[in-house]
Amino acid sequence: MELANIEQLIEKYENAETSLQEEQVLATYFQQDNTPAHLLEYKAMFGYFNESKAERFTKTIPLKTKKSYWKWASVAAAAILLVSIYTVNTSDSISDQERKDAKLAYQETQKAFQLISQNLNKGESVAIAGLQEFQKTQNKVFKNN
Amino acid sequence: MILVPNQTKMQQTEFLNTVLPLKDKVFRLAKRLLVSIDEAEDATQELFLKLWKNKSKLKNYSSVEAFAMTMTKNYCLDQLKAKRSNNLKLVHSNYKDNNISLERDIEVKDSVSKVHELIENLPEKQKLIIQLRDVENFEFEEIGKILDLQPTAVRVALSRARKTIRQQLIKQHNYGIS
């Protein structure tokens, strides 16, 4: 690359009119050793830019790939919830038969209790008659005293 | 239900292939703005956690690179703002004596590190543009998108920055001679 061309490019460069390719031409030119004195500042500038490009981030970046495990945990939790709801519902439907049985048993027991209470009522009237008899005799006894 | 983990796995590998390689660019831009290496490293880690969290949305952006640069710029400018409001002053420890060396290539080497200092003293916008253009080689259109500026405004600021750096170098060079 001729010096005249470089000087032209430099002028464009100062006015921010160079393309990326033209800037690349300048960058490679200033990597050479024999730079004329009036362009030394550009050699420093391009040298610095080149140095800066080589800078690297050396630390590690802690990215949480474990996060996906939490997603799986929530899926598992949802599944457990669904299963438990399902089993509760089905156990409810089983007790339908049981409920019928229980109702029948209840009715039968009620019948039995009614029977007992009827007989008890009978017994009560007999007992009261007995008590009246007892009262009569008692009165007699107290009068005689 | 089986599709979900596959998708995230795809996003993860895509992230590792396309976004993670940007870490050097993010770091360099953060360092340009925040100056201190420690802070730039912290900022880079912080920014990548943010990008990682939003990895499912990244494909909505036409250029993930430009998006990452925009995020970096915003994050660092916020950091600087917070620091200024806390009245904490940045302390630059990289001031050097101007040792006048007789040998020319040493002089050039010296002015290479001088360039760093000169860029540090530029206004933030020019600093960003110099970094994005002369170090990272972005097109003017892309820089305009990242900084929310017209491409012509980018050119004007870049031209100003380049001229300032050169003039300051000439000044220092002349001081060295006289």
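User: Is B:Ala66 buried or exposed, or in between?
Analyst: B:Ala66 counts as partly exposed, because 19 other C-beta atoms lie within 10 Å. A residue is called buried if 20 or more other C-beta atoms lie within 10 Å of its own, exposed if 12 or fewer, and partly exposed in between, with C-beta atoms placed from the backbone. Please note that this is a predicted model, in which local features need pLDDT of at least 70 and side-chain atom pairs count only at pLDDT 80 or more, while totals for chains, interfaces and linings use all residues. Residues are numbered from 1 along each chain as its sequence is written, and chains are lettered from A and ligands numbered from 1 in the order in which they are written.

User: Where does B:Ala66 sit, and what does it touch?
Analyst: B:Ala66 belongs to helix 4 of chain B. Helices (H or I, at least four residues) and strands (E, at least two) are DSSP runs, numbered from the N terminus. Leaving aside residues up to four places away in sequence, B:Ala66 touches B:Glu142, B:Lys145 and B:Ile146; two residues are in contact if their C-beta atoms, placed from the backbone, lie within 7 Å.

User: How far apart are B:Ala66 and B:Phe138?
Analyst: In sequence they are 72 residues apart, and in space B:Ala66 and B:Phe138 are 9.1 Å apart, C-alpha to C-alpha.

User: How do helix 4 and helix 7 of chain B cross?
Analyst: Their axes come within 8 Å and cross at roughly 45 degrees. Helix 4 and helix 7 of chain B are therefore oblique to each other. Angles under 35 degrees count as roughly parallel, over 145 as roughly antiparallel, 65 to 115 as roughly perpendicular and the rest as oblique.

User: Which residues make that contact?
Analyst: Helix 4 of chain B contributes B:Ala66, B:Met69, B:Thr70 and B:Lys73, and helix 7 of chain B contributes B:Glu142, B:Lys145, B:Ile146 and B:Leu147. Sorted by class, this contact of the two helices has four nonpolar, one polar and three charged residues. Here Ala, Val, Leu, Ile, Met, Phe, Trp, Tyr, Cys and Pro count as nonpolar, Asp, Glu, Lys and Arg as charged, and the others, Gly among them, as polar.

User: Which residues of helix 4 of chain B are buried?
Analyst: They are B:Phe67, B:Ala68, B:Met69, B:Thr72, B:Lys73, B:Tyr75 and B:Cys76.

User: New topic: what is the phi of B:Asn137, and where is this residue?
Analyst: Its phi is near 55 degrees, a positive value in a residue other than glycine. B:Asn137 lies in the loop between helix 6 (124-135) and helix 7 of chain B.

User: And what about B:Val35?
Analyst: B:Val35 has a phi near 70 degrees, again a positive value in a residue other than glycine. B:Val35 is placed in the loop between helix 2 (23-34) and helix 3 (37-53) of chain B.

User: How many helices has chain A?
Analyst: Chain A has four helices and zero strands. Of its 145 residues, 10% count as buried.

Note on methods: Axes are lines fitted to C-alpha atoms, for helices over the stretch in contact, and angles run from 0 to 180 degrees between N-to-C directions.
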